[in-house]
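Trainee: I am new to this structure and would like a close look at a single part of it. Could you take me through that part slowly?

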Amino acid sequence: IEPEIRKGSVVVVPVEGPITEAQLFFLRRMLKQASAAEASAFILNMNTPGGSLAATEQIVQALLKSSVP
């Protein structure tokens, strides 16, 4: 269950384990929700040994395109 994101919130998303496409889809959804709620910041709290380079590159692109800092 995902918590409600309120305007001005700082969204902290934990990322554990190898980066996968499933994590990419989850992070995109969270970024979209944070943007819609006008969150003040989006933080990835990462503990990962690496993983899919393609998924990682797409995550970086999503973060760069996001309106949420």
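Which residue in S2 is the bridge partner of Val 10?

Mentor: Please keep in mind that this is a predicted model. In S2, Val 10 has Ala 41 as its bridge partner, and the pairing around them involves strand S1 and strand S2 (residues 41-47), which run in the parallel sense and are joined over 7 bridges. Together with H1, S1 and S2 make up a β-α-β unit that is right-handed.

The nonpolar core comes next. The largest one has 17 residues, and those touching the most other members are Ile 5, Val 11, Val 13, Met 30, Ala 34, Ala 39 and Phe 42. At least two residues of this core come from each of strand S1 (10-16), helix H1 (21-36) and helix H2 (53-65), with H1 giving the most, namely 5 residues.

For a view from the helix, take Leu 31, which lies in H1. Leu 31 counts as buried because its relative accessible area is 8%, and the cut-off for buried is under 20%. Not counting residues up to four places away in sequence, Leu 31 touches Phe 42, Ala 62, Leu 63 and Ser 66. By contrast, Thr 56 is 25 residues from Leu 31 along the chain, and the C-alpha atoms of these two residues are separated by 15 Å.

How values were computed:
Residues numbered from 1 in each chain as written. Predicted model: local features only at pLDDT ≥ 70, side-chain atom pairs only at ≥ 80, totals over all residues. Heavy atoms only, no water. Core = buried A, V, L, I, M, F, W, Y, C linked by side-chain atoms within 4.5 Å. Buried < 20%, exposed > 50% of the residue type's maximum accessible area, 1.4 Å probe, protein only. Helix = DSSP H or I, 4+ residues; strand = E, 2+ residues; numbered from the N terminus. Pairing = 2+ DSSP bridges. Right-handed = clockwise from strand over helix to strand, strands pointing away. Contact = heavy atoms within 4.5 Å.
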